[in-house]
Amino acid sequence: MSFGLINGPAYFMQLMNSVFMDYLDKFVVVFIDDILIYSKTEAEHEEHLRLVLQRLREHKLYAKFSKLDPSKVSTVTKWKVPEIPKEVHGFLGLASYYRRFIENFSRIAKPMTFLLEKDAEFRWTNA
């Protein structure tokens with residue numbers, strides 16, 4: 001990257017989008033400095049992972065395996081119950097990254113978005 005670090009993320013996304021063009025939105029999403037692989041079954045995921053790693057190898061690129069940590073999902077599942085609207089906003093920001101993989105995300109998140117309204121009373125319920 002002869003044009004400096006400032007263009008690094010954009011260059012990475014452009015490169016990954018061209019490398020994975022035929023896999024994008026089928027089972028691969030590229031986001032800033034991450035390659036997200038999603039599948040319906042574990043067997044399908046193994047195949048998708050193999051295809052992605054093979055494609056990287058073909059382009060003499062490498063994946064950092066420390067990022068293949070399934071425990072990162074626990075960040076969302078173990079998120080503490082929000083006590084103020086700002087904490088709800090933070091959670092929704094994190095969860096929104098995964099919205100394209102969660103069917104009816106906006107319907108599920110609707111009770112939380114109501115808590116962000118200006119004059120809404122903050123009451124956390126099971127809903």
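Let's start on the outside: Tyr98, Ile102 and Ile108 make up a nonpolar patch on the surface, and together they have about 240 Å² of accessible area. Keep in mind that this is a predicted model. Tyr98 belongs to the loop between α4 (85-96) and α5 (105-114). With a relative accessible area of 32%, Tyr98 is partly exposed; it can be part of a patch because patches take residues with over 30% relative accessible area and no salt bridge.

Now for the inside. In soluble globular proteins, nonpolar side chains tend to be buried together. Here the largest nonpolar core is a set of 10 residues: Met16, Val19, Phe20, Tyr23, Phe27, Val28, Val30, Ile37, Val52 and Leu56. At least two residues of this core come from each of α1 (8-19), β1 (28-31) and α2 (42-58). There is also a second, separate core, this one of 8 residues, including Phe91, Leu92, Ala95 and Phe105.

Back in the largest core, Met16 is one of the members. Once you leave aside its neighbours within four places in sequence, Met16 is in contact with Val30, Ile35, Leu56 and Leu61.

Is Arg55 buried or exposed? Its relative accessible area is 13%, so Arg55 counts as buried, the cut-off being under 20%. The Arg55 side chain has a polar contact with the side chain of Asp22, at 2.8 Å. Leaving aside neighbours within four places in sequence, the residues in contact with Arg55 are Val19, Phe20, Asp22 and Tyr23. Of these, Val19, Phe20 and Tyr23 are listed in the largest nonpolar core.

Next, a few loop residues. Asp25 sits in the loop between α1 and β1, and Lys26 is in the loop between α1 and β1 too. Lys60 is found in the loop between α2 and α3 (74-77). Here is how they come out on accessibility:

| Residue | Relative accessible area | Class |
|---|---|---|
| Asp25 | 54% | exposed |
| Lys26 | 59% | exposed |
| Lys60 | 67% | exposed |

Backbone angles are worth a look as well. Asp25 is not a glycine, yet its phi is positive, at about 65°. Lys60 is likewise not a glycine and has a positive phi of about 55°.

Finally, how far apart are the C-alpha atoms of Lys26 and Ser39? They are separated by 9.0 Å, with the two residues 13 residues apart along the chain.

Methods: Residues are numbered from 1 along each chain as its sequence is written. This is a predicted model: local features need pLDDT of at least 70, side-chain atom pairs count only at pLDDT 80 or more; totals for chains, interfaces and linings use all residues. Side-chain values use heavy atoms; hydrogens and water are left out. Patches are made of residues with over 30% relative accessible area and no salt bridge: like charges are joined within 9 Å, nonpolar side chains (Val, Leu, Ile, Met, Phe, Trp, Tyr) within 5 Å. Accessible areas come from the Shrake-Rupley method with a 1.4 Å probe; for residues, only the protein chains shown count as cover. A salt bridge is a side-chain nitrogen of Lys or Arg within 4 Å of a carboxyl oxygen of Asp or Glu. Helices (H or I, at least four residues) and strands (E, at least two) are DSSP runs, numbered from the N terminus. Buried means under 20% relative accessible area, exposed over 50%, partly exposed in between (1.4 Å probe, protein chains only). A nonpolar core is a set of buried Ala, Val, Leu, Ile, Met, Phe, Trp, Tyr and Cys residues joined through side-chain atoms within 4.5 Å. Contact means heavy atoms within 4.5 Å. A polar contact is a pair of N or O atoms within 3.5 Å; within protein, one must be able to donate a hydrogen and the other to accept it, and residues adjacent in sequence count only if both atoms are side-chain atoms.
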